[in-house]
Amino acid sequence: MALMSTQLKPRRRIGSTEVRIDDFEIETVFDLFATRQPFEMEIGSGKGRFLLERAAKHPEHNFLGIDYAWRFLREGHQRIGQRGLENLRFYKAEASDVVGRLIPDASVAIFHIYFPDPWPKRQQRKRRLLTPDFFKLLH
């Protein structure tokens, strides 16, 4: 199923520009792309600068960037169209949900995770991304 034929499910306030991965009825992240190619994913993409460069240099790969904060990711999302990159998508999403539910085992060539929020305080443990359980999902 290609991205263009996927039905959107409206779930946010009127005027919002957020594009969430759960807006699409997909079985895997590969359904977001028109072609099946080696796949790389960045978790915590921010403004998307890294993946914008990488996708331009490697059109033979598909790239997905996710972040929980749309205010930064929106910039990268807008630049995809400006640069004509068909092999890159940015979505607002929770990393553990995407990795655990939408990525088949052993199907990602590279996971990029560069500056995760450490959430150092004891009461913030539940917010930490890099936990033993999350690393098991990355296999």
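Colleague: What do the buried residues of H3 pack against?

Modeller: In this predicted model, they pack against S1, S2, strand S4 (110–112) and H4, where contact means heavy atoms within 4.5 Å. Helices (H or I, at least four residues) and strands (E, at least two) are DSSP runs, numbered from the N terminus.

The model is predicted, so local features need pLDDT of at least 70 and side-chain atom pairs count only at pLDDT 80 or more, while totals for chains, interfaces and linings use all residues. Residues are numbered from 1 along each chain as its sequence is written, and side-chain values use heavy atoms, with hydrogens and water left out.

Colleague: How do you know that the buried residues of H3 are on the same side?

Modeller: The buried residues of H3 are Ala-95, Val-98, Val-99 and Leu-102, buried being under 20% relative accessible area, exposed over 50% and partly exposed in between (1.4 Å probe, protein chains only). Because they cover an arc of only 115° around the axis, they lie on the same side of H3; the arc is that of the directions from the helix axis to the C-beta atoms.

Colleague: What makes Asp-31 a residue with no salt bridge?

Modeller: A salt bridge needs a side-chain nitrogen of Lys or Arg within 4 Å of a carboxyl oxygen of Asp or Glu. For the buried Asp-31, the nearest side chain of opposite charge, Arg-36, is 6.9 Å away, so Asp-31 has no salt bridge. Here Lys and Arg count as positive and Asp and Glu as negative, with His and the chain ends not counted.
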